[in-house]
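Here's a quick tour of one model, taking in a pocket, the nonpolar cores and the confidence. Have it open as you read.

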Amino acid sequence: MVDSQYYLPNDVGISALDCGEAFRLLSPHEQLYAHYVSRAAWYGGLAVLLQTSPESPAIYVLLQRLLRRQAAAQLEPVATAAGLTPEEFQAFLVYAAGVYANMGNYKSFGDTKFIPNLPQEKLKALVWQSQAFQDNPGEMEALWASCAGLMYSLEDKQKQLGLGDKGITTYFSGNCCLEDAELAQKFLDSKNLSAYNTRLFKREEEGGKRHYEVRLASAVKEESAMDGEAESQCGRFEFGEAVFEVRRGDYAPLMEKAAENLEKAKAYVANDNQRQMLEEYARSFRFGSIDAHKEGSRYWIKDKGPIVECYIGFIESYRDPFGSRGEFEGFVAVVNKAMSARFARLVSSAEVLLPELPWPADFEKDRFLTPDFTSLDVLTFAGSGIPAGINIPNYDDIRQTEGFKNVSLGNVLAVAYATQKEKLTFLEEADKVPPLPFSEPAGLGSAPPNTSLVPH
């Protein structure tokens, strides 16, 4: 019997993030800015599938083919005809929601694999009876063949994300181990290259030396120096008893689409900081330059209190087993003015409050830089999960000297208070009621686990 932790329960919560009014209140100029940055985020966000597991991209495309051709209501009678019970069809919908919410078949919080909670032959029967299969049987059969086995596999190594024999990762080729990751990091440090937008692939030995390929996420594949570089980051390098080849072009079609839409968004910026920010982000995605992304982040920090807030790039490194490579993430949100005013009062009191916290000053930054702390309603969030808040950029050299932004995602927070108390986790029954009346006005809380969030 399969452990229930590898299924998503049929009663999982699906919560709509209310952003319709926030978008309608934008000017046409602001709406187009939000639109094009959102498109950049969605295109770039598809890279997360490639960053999660070998089978995630094929599972995603299979679901897209099924559900674009027939909505859930249209697919339900097809499922019944194919022999699925109502509970099994619900399990299929829950699995699809889980893949979309996590951008892959591993949980974004916990890194555990989840599989469909219905027999494999039942899901296959649904695929074969679907209109998508009738329209293009060859493609659908090939998609199923490429992902069905791994979709359902719970071999020990495939139960969680990890490096080497500890789990699955696509940040490294399957023959890499911790020793390879450590050596690659030393090489990257020696070349002053960030690992944030890279993947590592171990090749066959050459002349008795270990051979690695470092792939940079970029639209262009040429290895020549980009504007501003004295010499190219790319090429073949001897490093001790190993050979490293640094190449551009990872996720190239997606990076090109992301850069194209950022260029289109430039026509609708509110100020010069936003224009230069988008230019640097697009340059980063085209050439695989983290330095360009850092420069864009500096302009982003300077863009205080924008009506439309956004950030995009290879950001969080939680899902890299070695903790160095960033998962792609992009969000667009609109300022919630009332909640932001409360946060502004909190920030203005920070220097008085910080010394009262129960830890020594050594745990704080060397110098307190007043952050921009804003409450936002999410319009778009492309990535493996929507957090309740963000503290970025993650580049410590920028955070120490130039600052950062705290972003609270108000309509994500609101989901917690719409959740029935019996669905809340990590609380004893007696503790579930008292905190709730005081949480929402204060802007505290987070989306509960096992909740899929859908902007609408």
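This is a predicted model: local features need pLDDT of at least 70, side-chain atom pairs count only at pLDDT 80 or more; totals for chains, interfaces and linings use all residues.

## Ground rules

For residue classes, Ala, Val, Leu, Ile, Met, Phe, Trp, Tyr, Cys and Pro count as nonpolar, Asp, Glu, Lys and Arg as charged, and the others, Gly among them, as polar. Numbering runs from 1 along each chain as its sequence is written, and side-chain values use heavy atoms, with hydrogens and water left out.

## Confidence

Mean pLDDT for the protein chain is 89, with 89% of residues at 70 or more. Residues 441-454 fall below 50, yet that stretch has 41 contacts (heavy atoms within 4.5 Å) beyond near neighbours in sequence.

## Nonpolar cores

A nonpolar core here is a set of buried (under 20% relative accessible area, 1.4 Å probe, protein chains only) Ala, Val, Leu, Ile, Met, Phe, Trp, Tyr and Cys residues joined through side-chain atoms within 4.5 Å. The largest one holds 61 residues, and Tyr33, Met255, Phe285, Phe331 and Leu409 have the most contacts inside it. A second, separate core has 33 residues, including Ala58 and Leu143.

Setting aside neighbours within four places in sequence, Leu409 touches Leu376, Val378, Phe381, Ile386, Pro387, Ala388, Gly389 and Ile390.

## Who lines the pocket?

Of the residues lining the second largest pocket, 15 are nonpolar, two polar and six charged.

Methods. pLDDT is the predictor's confidence in each residue, from 0 to 100. Buried means under 20% relative accessible area, exposed over 50%, partly exposed in between (1.4 Å probe, protein chains only).
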